[in-house]
Amino acid sequence: MGAEEGLHLLHHHCPTLIFTYGTLKKGFPNHPLLQNLIQSGDAHPLGVYCTADKYPLVCGPYKVPFLINLPGQGHHIWGELYAVSSHALTHMDELEGTERGHYERIPITVRRRGEEKEVEAYYAHRNYGEELWKRSGETGISCYTHEEANGYIKRSDRPANTCFLDQIRLFLDSSLNNE
């Protein structure tokens, strides 16, 4: 299926445009989910984009990347844009833990070659996002690279007895003890 056909197929179902900046990018640990969705016709890659505004991007527990909804702080963030079906969105929301308060999917403006698009991205949940930014010393990264991802631990390899929000809380609390 060609690129135009793929987009045409998705347009019949009002695709959602999702900006990925971390583990869902090509070559990163959670990209197989998107690969499967691309093969089933539920996702289509649209290329590399950059955020129109600056945002904080930091690594939290397990080297998990978090985009933080504090526009104007941090850097312009580089990532990949995908058009996804509602079926794909359900799977991505599950991976990102939107129902569990891990991430929230909210609008963001991205740009490429001067063209801007209103899309959505997964941000660190507002309940802890700003704390993560403070814990990082308010210094972030502009791109989640393989170097940044070194040491990333997949959900299936994390301790089963603590939930991710508990790990985030421990991560935030441990930084306070180190100051």
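**Exercise 1. Locate Pro15 and state whether it is buried or exposed, or in between.**

Step 1. Pro15 lies in the loop that joins α1 (3-11) to β1. Helices (H or I, at least four residues) and strands (E, at least two) are DSSP runs, numbered from the N terminus.

Step 2. Buried means under 20% relative accessible area, exposed over 50%, and partly exposed in between (1.4 Å probe, protein chains only). The relative accessibility of Pro15 is 21%, so Pro15 counts as partly exposed.

Step 3. Pro15 and His44 are separated by 29 residues in sequence, and their C-alpha atoms are 9.5 Å apart in space.

Two remarks on the model apply throughout. The model is predicted: local features need pLDDT of at least 70, side-chain atom pairs count only at pLDDT 80 or more, and totals for chains, interfaces and linings use all residues. Residues are numbered from 1 along each chain as its sequence is written, and side-chain values use heavy atoms, with hydrogens and water left out.

**Exercise 2. Describe the chain as a whole: how many helices and strands does it have, and in what order do the elements run?**

Step 1. The protein chain has 6 helices and 7 strands.

Step 2. Read from the N terminus, the order is α-β-α-β-β-β-β-α-β-β-α-α-α.

Step 3. Of the 179 residues in the protein chain, 45% are buried.

Step 4. Contact means heavy atoms within 4.5 Å. Among contacts in the protein chain between residues at least 6 apart in sequence, 71% join residues at least 24 apart.

**Exercise 3. Determine which residues of α2 and α3 are buried, and what they pack against or are covered by.**

Step 1. In α2 (31-39), the buried residues are His31, Leu34 and Leu37. These residues cover an arc of only 120° around the axis, which puts them on the same side of α2. The arc is that of the directions from the helix axis to the C-beta atoms.

Step 2. The buried residues of α2 pack against β1, β2 (43-55), β5 and α3. Just after α2 comes Gly41, with a positive phi of about 85°.

Step 3. In α3 (residues 86-96), the buried residues are Ala88, Leu89, Met92, Asp93 and Glu96. Viewed down the axis of α3, they fall within an arc of 135°, so they line one face of the helix.

Step 4. The cover over the buried residues of α3 includes β1 (16-20), α2, β5 (75-84), β6 (103-112) and β7 (115-124). Gly97 follows α3 and has a positive phi, near 65°.

**Exercise 4. Find the contacts of Ile68.**

Step 1. Ile68 is in the loop between β4 and β5. At 2% relative accessibility, Ile68 counts as buried.

Step 2. Leaving aside neighbours within four places in sequence, Ile68 is in contact with residues including Tyr55, Val58, Tyr123, Leu132 and Trp133.

Step 3. Ile68 and Tyr55 are 13 residues apart in sequence, with 6.4 Å between their C-alpha atoms.
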